[in-house]
Amino acid sequence: MSDAEPQWDLDAIRARLLARRAELQADAASSAETAAAVELDQSRVGRLSRMDALQVQAMAQQSARQRAQELRRIASALARVEEDEFGCCVTCGGFIETGRLELDPSLPTCVGCARQAEQNSDE
């Protein structure tokens with residue numbers, strides 16, 4: 001593998017990141033109602049229906065957390081594009097593998113640092 005800095009089409013990267021951000025923001029707007037509080041009055045809603053509603057609410061809240069995390073990664077990636085630091089691992093400073101960034105341009109770390117972080121979180 002070469003240590004040479006890969007050449008990126010930063011306009012295309014920026015466009016991909018902005019498109020994904022818009023998609024996530026639209027998803028957030030359309031699913032806000034699903035994450036709303038579940039009514040506790042069992043005289044109006046049956047117990048099983050309420051349990052289903054609680055489960056749907058929990059899944060919607062988890063999706064919202066994942067969306068928020070991805071939006072933060074996108075904002076960080078856009079900042080790296082503007083600062084001419086796109087493609088550099090935020091942990092070790094080395095180059096992030098080209099295939100990794102082609103898959104998801106918002107990823108902030110190289111494979112090695114991502115594995116290390118995952119191992120540390122498993123401990």
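This is a predicted model: local features need pLDDT of at least 70, side-chain atom pairs count only at pLDDT 80 or more; totals for chains, interfaces and linings use all residues.
Figure 1. The pairing of Arg20 with Glu70 links distant parts of the chain, since Arg20 sits in helix H1 and Glu70 in helix H2, 50 residues apart.

Figure 2. Arg73 and Asp104 form a salt bridge in which the closest N and O atoms are 3.1 Å apart. This pair, too, links distant parts of the chain: Arg73 is in helix H2, while Asp104 is in the loop between helix H3 (98-103) and helix H4 (111-122), and the two are 31 residues apart. Arg73 is partly exposed, with a relative accessible area of 25%.

**Figure 3. The network of Asp11, Arg14 and Glu82.** Salt bridges link Asp11, Arg14 and Glu82 in a network. In the structure as a whole, a search finds five salt bridges. Side chains of opposite charge can pair when their charged atoms come close.

**Figure 4. The largest nonpolar core and the place of Phe86 within it.** The largest nonpolar core has 14 residues, of which Ile13, Leu17 and Phe86 touch the most other members. Two elements, helix H1 (10-31) and helix H2 (47-82), each give two or more residues to this core, and H2 gives the most, with four residues. Residues from both domain 1 (9-84) and domain 2 (87-122) take part, so the core lies between the two domains. When residues up to four places away in sequence are not counted, Phe86 touches Trp8, Leu10, Ile13, Ala77, Arg80, Val81, Leu101 and Pro105; this list includes Ile13, itself among the core residues that touch the most other members.

**Figure 5. Cysteines of the annotated zinc finger region.** An unreviewed UniProt entry carries the annotation "zinc finger region: dksA C4-type" for residues 89-113. The end C-alpha atoms of this span lie 8 Å apart, and the span is 36% helix and 0% strand. The structure holds zero disulfides: Cys89 is in none, its nearest cysteine sulfur being that of Cys113, at 3.7 Å, and Cys110 is likewise in none, with the sulfur of Cys113 again the nearest, at 3.6 Å. Cys89 has 4% relative accessibility and counts as buried, and Cys110 is also buried, with a relative accessible area of 9%.

Figure 6. Thr109 is found in the loop between H3 and H4, and it is buried, with a relative accessible area of 13%. Leaving aside neighbours within four places in sequence, Thr109 is in contact with Cys89, Val90, Thr91, Ile96, Arg100 and Ala114. One of these contacts, Cys89, is a buried residue at 4% relative accessibility.

**Figure 7. The setting of the close-up views in the whole protein.** The protein contains four helices and zero strands, and from the N terminus on its elements run α-α-α-α. Of its 123 residues, 24% are buried. Among contacts with a separation of 6 or more, 55% are accounted for by residues 24 or more positions apart.

Notes. Residues are numbered from 1 along each chain as its sequence is written. Side-chain values use heavy atoms; hydrogens and water are left out. UniProt positions are given in the numbering used here, feature names are shortened, and annotations may be inferred rather than shown by experiment. A nonpolar core is a set of buried Ala, Val, Leu, Ile, Met, Phe, Trp, Tyr and Cys residues joined through side-chain atoms within 4.5 Å. Buried means under 20% relative accessible area, exposed over 50%, partly exposed in between (1.4 Å probe, protein chains only). Domain bounds come from an automatic or database domain assignment. Contact means heavy atoms within 4.5 Å. A disulfide is a pair of cysteine sulfur atoms within 2.5 Å. A salt bridge is a side-chain nitrogen of Lys or Arg within 4 Å of a carboxyl oxygen of Asp or Glu.
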